[in-house]
Amino acid sequence: MLSDTSPEVEKVWIEMWREKSPTYRVQKALRLTAQMRNLSYAGLKRARPDMTPAQINAWFLELLYGRELLEKVRDRLPKE
């Protein structure tokens with residue numbers, strides 16, 4: 001599974017996660033997803049400091065969901 005992890009450690013790691021409740025695992029996945037979205041958004045802001053928050057939001061949506069969806073919802077996005 002993890003190329004830099006020994007099979008013994010990987011087995012312990014998998015068993016540890018199997019012992020966690022489904023609720024815990026879902027909550028952990030949601031927290032990690034939120035953290036990754038926040039880091040991604042911050043990276044976009046850093047890459048393009050000249051863009052307004054509304055422009056960054058549109059760019060972020062386009063990267064996540066594609067131009068087609070962005071165009072469908074663009075008029076519902078908050079303006080500058």
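Does Asp50 count as buried or exposed, and at what relative accessibility? At 55% relative accessibility, Asp50 counts as exposed; the cut-offs are under 20% relative accessible area for buried and over 50% for exposed, with partly exposed in between (1.4 Å probe, protein chains only).

A quick word on the ground rules. This is a predicted model, where local features need a pLDDT of at least 70, side-chain atom pairs count only at pLDDT 80 or more, and totals for chains, interfaces and linings use all residues. Residues are numbered from 1 along each chain as its sequence is written, and side-chain values use heavy atoms, with hydrogens and water left out. The pLDDT, which is the predictor's confidence in each residue from 0 to 100, averages 92 over the chain, and 98% of the residues score at least 70. Helices here are DSSP runs (H or I, at least four residues), numbered from the N terminus.

Back to Asp50, which has a partner. Asp50 forms a salt bridge with Arg48, with the closest N and O atoms 2.9 Å apart; the term needs a side-chain nitrogen of Lys or Arg within 4 Å of a carboxyl oxygen of Asp or Glu. Arg48 is partly exposed, at 34%. The whole structure holds six salt bridges, and some of them link Glu62, Arg67, Glu71 and Arg74 into a network. Arg67 and Glu71 are four residues apart in helix α4, so about one helical turn separates them.

Then there are the aromatic rings. Rings of Phe, Tyr and Trp (its six-membered ring) pair if their centres lie within 6.5 Å; planes under 30 degrees apart are stacked, over 60 edge-to-face, and the rest tilted. By this rule there are three aromatic pairs. The rings of Tyr41 and Phe60 have centres 5.5 Å apart and planes at 90°, so this pair is edge-to-face. Tyr41 sits in helix α2 and Phe60 in helix α3, so the pair ties together parts 19 residues apart in sequence. Phe60 is buried, with a relative accessible area of 13%. Elsewhere, ring pairs join Trp13, Trp17 and Tyr24 into a cluster.

Key
Helices (H or I, at least four residues) and strands (E, at least two) are DSSP runs, numbered from the N terminus.
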